[in-house]
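Please look over the structure shown here before reading on, and keep it in view while you follow the paragraphs below. They go through it one part after another.

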Amino acid sequence: MAGARRPGTFVALIRGINLGARNRVSMADLRALVEGLGCEEVRTYVQSGNVVFRSRAGAAKLRRELEDAIRRTLGLDVTVLVRTKAELTRVAARNPFRAAGADPATLHVTFLAERPDRGRVRELSERSVDPDELRVDGAQVYLHCPNGYGRSKLGNDFFERALGVPATTRNWRTVTALAELAGA
């Protein structure tokens, strides 16, 4: 077929499902929903809304379709962020805190829906977040939370207010596992 895109590998990061008793979604239902959009080789990772799959569509279209399908099928209004295999591989390779030798258990990545405004990034970089550290790099923020993410003020809401874009966070173990799954 002339002009048809070759399938690419993508990772969908869904914010706000399976947090305690809120927004419960079975991974089997989530896989079926993604397959219903024509995606192939659909795999989920842990119970927190991480899906690896192949599709001929682009990331922006996939994001819209996934958010719409989750709203229609599951009745949930959630944010979905989509990264390509190459983008996620780059994220895993560029962590400045890992490169500096930080304990991987203290590392997280906040994925942003898009690159934030430079002025907002500059304002954020001037704020003190001690003892935590952050580095904005394109459409993600690398976090080092030495006392644990649960004790940090650097949650999704913090970044959404500060940077003006939707966000969802994953721990370093999940980021590297998703990069491996996407590369398999």
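In what order do the 4 strands of the open sheet that contains β1 stand? Before the answer, please note that this is a predicted model. The order is β2-β3-β1-β4, and the strands of this open sheet are paired in an antiparallel way. Because β2 (40-45) and β4 stand at the edges, each with a single partner strand, one side of each is left without a neighbour in the sheet. From one strand to the next, the twist averages 20°.

If you look at the pair formed by β2 and β3, you will find that 4 bridges join these strands, which run antiparallel; within this pair, T44 stands opposite V51 in β3. Helices are found against this sheet as well. The helix α1 lies across β1, β2 and β3, running at about 150° to β2, while helix α3, made of residues 85-93, packs on the sheet by touching β1 and β4, and its direction makes about 90° with that of β4.

Which residues of α2 are buried? They are L62, L66, E67, A69 and I70, and because they cover an arc of only 165° around the axis, they are on the same side of α2. What covers these buried residues includes β1 (8-14), α1 (27-36), β3 (50-55) and β4. The face of α2 that is turned away from the buried side carries the exposed residues A60 and R72. After α2 comes G75, whose phi is positive, near 70°.

T79 and V25 are 54 residues apart in sequence, and from C-alpha to C-alpha they are 14 Å apart in space.

We now turn to another sheet. This open sheet of 4 strands has the order β6-β7-β5-β8, with antiparallel pairing. Here β6 (133-137) and β8 (167-171) stand at the edges, each with a single partner strand, so one side of each is left without a neighbour in the sheet. The twist in this sheet averages 20° from one strand to the next. Strand β5, residues 107-112, is joined to β8 by 5 bridges, and these two strands run antiparallel; V109 stands opposite R170 in β8. Helix α6, residues 156-163, packs on this sheet and touches β5, β6, β7 (140-144) and β8, with a direction that makes about 140° with that of β8.

The last step concerns a pair of helices. Two packed helices are described by the angle between their axes and the distance between the axes. How do the axes of α5 and α6 lie, and at what angle do they cross? The axes of helix α5, residues 118-125, and α6 come within 9 Å and cross at roughly 125°, which makes α5 oblique to α6. Where these helices meet, R120, V121 and L124 in α5 are in contact with F158, F159, R161, A162 and L163 in α6.

How values were computed:
Residues numbered from 1 in each chain as written. Predicted model: local features only at pLDDT ≥ 70, side-chain atom pairs only at ≥ 80, totals over all residues. Heavy atoms only, no water. Buried < 20%, exposed > 50% of the residue type's maximum accessible area, 1.4 Å probe, protein only. Arc of directions from axis to C-beta. Contact = heavy atoms within 4.5 Å. Pairing = 2+ DSSP bridges. Axes fitted to C-alpha atoms, helices over the stretch in contact; angles between N-to-C directions. Parallel < 35°, antiparallel > 145°, perpendicular 65-115°, else oblique.
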